[in-house]
Amino acid sequence: MPFLNNITVKGVRTFRLLLLFYLLGWPALLLAEEEMFSFDLDEIEKNPLVWGGYAEFSWEHMDINQDSVFNHLNFSAKSLSDFDRLRGTGQLFGRYDASKLNLNWLLQASGQQDDLGWTDTTDIFALYGTYTSSPTLSTIIGKKSYKWGKGYAWNPVGFINRPKDPNNPNESLEGFVVAEVDYIKTFGTNLQSLALTTVVLPVVEHVNEDFGSTYRANFAAKLYLLYRDTDIDLLFLAGDSRANRVGLDFSRNIATNFEIHAEFAYIPHQHKLVLEENDSISNRTQQATSLLLGLRYLSNSDVTTIVEYYHNGGGYSTAEMNRFYELIREGALNQPLPLDSLLDKGRELALKGYGRPQSGRNYIYAKITKKEPFAILYLTPGITSIVNIDDHSYSFTPELVYTRITNLEMRLRLALFNGGVSTEYGEKAFSNKAEFRVRYFF
Amino acid sequence: MMPSSHTCILNKTTLIPCLLLLFFVLLPGQALALDGNDILRQVDANMQPQSYEMYRKLINIEPDGKKKEFVLYSLKKGQDKMIALFLSPASEKGRSTLRLGDNMWLYIPNVGKPLRITSLQSVVGGIFNNSDILRLDYSTEYEAKDIIDEGDHYVLDLTARTPSVAYARLKMEVDKKTLLPTNIDCLAISGMLIKTLHYSKIKDFGDGMIRPAMLETSSPLQKGYRSVMLFAKVKKRDLADEVFSLNYLSKVDELR
């Protein structure tokens with residue numbers, strides 16, 4: 001039976017091949033699996049010097065809102081319809097441990113080329129030494145940044161924080177030169193833990209000058225309590241560089257996927273630069289109460305929603321903002337030539353308050369992100385919106401963040417600013433901004 | 001006085017049945033005494049000391065074989081305190097997570113302050129979520145409602161003690177000889193299978209601790225994806241309670 005013999009011969013060959021594959025291949029597969037999941041202990045070797053950072057490249061394209069107040073202020077001499085910017089940034093952090101002492105640093109350098117030319121900066125964001133005498137007590141001296149408060153977009157109780165950009169709240173910010181003592185104590189009662197952070201912030205020539213009046217000492221403190229699963233902070237700032245203020249914040253999970261937070265700040269005598277009806281500038285002293293209410297919700301489908309309401313008690317009313325917009329418009333549209341005196345006054349006012357982000361009174365912030373939609377790992381699309389409740393203008397910012405490649409983050413973002421004449425987002429210098437950013441961590 | 005040969009014969013003949021009787025009477029008695037919660041506590045004791053430090057590597061594997069790895073340094077104290085610090089990759093370096101009972105926080109150096117997170121989220125992507133990374137003792141989070149003897153292993157039916165735990169129920173297979181977990185099905189309150197955990201590679205970590213060095217997980221909700229956790233340098237360590245506090249999160253690396 002040659003046919004059957006043929007099959008038998010083929011079968012034997014196949015069996016031999018399978019046996020050979022089994023004998024040779026199986027250990028190789030096992031080895032491959034073993035190598036696939038190796039944990040080299042060198043990876044976890046402790047080194048007294050720890051360092052890292054990122055290098056970033058970004059491209060931005062903005063369409064200029066030509067009739068807007070801030071276009072008249074910033075680009076009055078140019079006749080630009082759009083604006084492109086290329087930027088490179090490098091950030092370097094590090095720490096050197098020597099027993100109970102350590103030295104920390106955070107440096108940033110950036111350079112940008114845009115339609116106005118080339119600019120570059122180099123900053124020491126942080127440089128401080130820490131002495132940790134015990135897990136309970138530590139002392140810090142040097143330049144350090146603070147992020148007090150529970151809010152994502154705004155922090156009315158961030159008395160010694162640098163103001164953050166609500167569209168990029170997670171970015172590093174420059175610190176202040178301080179001396180700090182931190183005390184931690186835990187308890188086995190309803191009061192689970194307590195931490196007291198006390199900070200001395202001096203303002204002298206060339207040191208912390210942008211904090212406020214010079215040759216003054218300022219004292220700030222934050223008492224943190226974890227009481228019945230609720231984070232509570234009591235805060236105050238006293239000194240001569242800025243008006244004294246007190247604050248309170250809290251954060252709590254009311255369900256595993258639902259967090260609520262709030263901040264409250266009170267400034268009895270806040271100084272505010274105001275443009276009066278007769279176009280003079282006055283320095284008013286007023287009571288200011290600011291409030292932030294927020295929530296964070298994670299749905300079953302991995303959608304995270306953050307919503308915050310912010311009442312900025314020290315902000316400008318719609319009428320005050322209108323006067324500022326009118327002043328600029330009057331200066332810019334004057335015939336036959338713009339009135340530089342009015343524009344200069346406008347620039348000064350913009351710098352000292354009117355031009356700061358969210359300088360109005362009432363805002364809503366909302367951010368919705370969906371993690372890994374359609375099972376695409378490491379992709380996070382999101383939408384952020386900030387609404388000025390008083391003048392109904394808003395920003396709307398969709399974005400995509402992709403982190404598939406280890407240590408490489410890519411972000412594509414489009415910001416749209418919308419609002420009528422004499423509204424915050426209607427008077428921005430740009431009507432929209434497209435941004436592509438690549439950040440490589442090392 | 002010498003015992004009589006009769007007595008000796010009686011002793012011999014009664015001894016074996018008596019021992020057998022004792023064996024059959026006491027063995028079920030022991031099994032009854034060693035109920036599900038006792039076994040669970042023993043599993044916890046075998047898996048880790050009460051206060052310890054350890055290193056872990058998390059590997060997310062995609063259907064096409066691509067991998068993403070994270071290395072963490074962790075500290076745990078008592079029933080409800082745990083910290084995990086990311087050592088790599090560079091994009092995550094310095095991030096730390098703290099768990100105190102049902103409360104969880106994430107500290108990101110750039111953000112500069114701890115944010116509350118939930119057990120269902122995942123700070124690393126992939127199939128492991130925060131509760132897997134900051135897992136407390138099984139007996140702290142779960143109560144054994146039923147135990148089935150299946151020859152060489154027990155199957156424990158575990159129910160979450162509080163609603164804040166990530167999985168409402170666990171079906172845990174425990175090896176009888178070693179009293180170590182082998183397979184765990186993580187179930188939603190509806191009974192739907194969320195993920196399966198498989199412990200393997202039993203290793204001697206020293207100090208009498210012999211436990212699995214690898215944990216693999218897969219999920220029917222993320223077909224084709226796998227995640228693996230490797231354990232190294234698990235050892236006892238005495239730690240102050242203050243280490244497990246928000247203000248200490250930025251300093252955890254100094255404890256290594």
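Is Phe219(A) buried, partly exposed or exposed? With a relative accessible area of 35%, Phe219(A) is partly exposed, a class that lies between buried, which means under 20% relative accessible area, and exposed, which means over 50% (1.4 Å probe, protein chains only). The structure is a predicted model, in which local features need pLDDT of at least 70 and side-chain atom pairs count only at pLDDT 80 or more, while totals for chains, interfaces and linings use all residues. Residues are numbered from 1 along each chain as its sequence is written, chains are lettered from A and ligands numbered from 1 in the order in which they are written, and side-chain values use heavy atoms, with hydrogens and water left out.

A pair of aromatic rings is described by the distance of the centres and the angle of the planes. Here rings of Phe, Tyr and Trp (its six-membered ring) pair if their centres lie within 6.5 Å, and planes under 30 degrees apart count as stacked, over 60 as edge-to-face and the rest as tilted. By this rule there are 18 aromatic pairs over all chains. The ring centres of Phe219(A) and Phe236(A) are 5.8 Å apart and their planes stand at 55 degrees, so this pair is tilted. Because Phe219(A) lies in strand β8 (residues 216-227) of chain A and Phe236(A) in strand β9 (residues 230-239) of chain A, the pair ties together parts that are 17 residues apart in sequence; strands (E, at least two residues) are DSSP runs, numbered from the N terminus. Phe236(A) counts as partly exposed, at 31% relative accessibility.

Another tilted aromatic pair is formed by Phe324(A) and Tyr325(A), with 5.8 Å from centre to centre and 55 degrees between the planes.

Most residues other than glycine have a negative phi, and most peptide bonds are trans. In the loop between β8 and β9 of chain A, Asp229(A) has a positive phi near 65 degrees, and its relative accessible area of 29% makes Asp229(A) partly exposed. Asp279(A), in the loop between β11 (258-275) and β12 (281-298) of chain A, has a positive phi of about 70 degrees and is partly exposed, with a relative accessible area of 23%. In chain B, a cis peptide bond with omega of about 5 degrees joins Ser88(B) and Pro89(B), and Pro89(B) lies in the loop between β3 (81-88) and β4 (96-100) of that chain.

Finally, we come to the interface of the two chains, where 56 residues of chain B are in contact (heavy atoms within 4.5 Å) with 63 residues of chain A. Chain B and chain A bury about 5,100 Å² between them, 51% of it on carbon and sulfur atoms; buried area is the accessible area (1.4 Å probe) that two parts lose on being put together, summed over both. Asn110(B), Arg116(B) and Glu242(B) supply 15% of the area that chain B buries against chain A, more than any other three residues. Between the chains there are four salt bridges, each a side-chain nitrogen of Lys or Arg within 4 Å of a carboxyl oxygen of Asp or Glu. The side chains of Arg116(B) and Asp231(A) meet in a salt bridge, at 2.8 Å from N to O.

Technical notes
Helix = DSSP H or I, 4+ residues; strand = E, 2+ residues; numbered from the N terminus.
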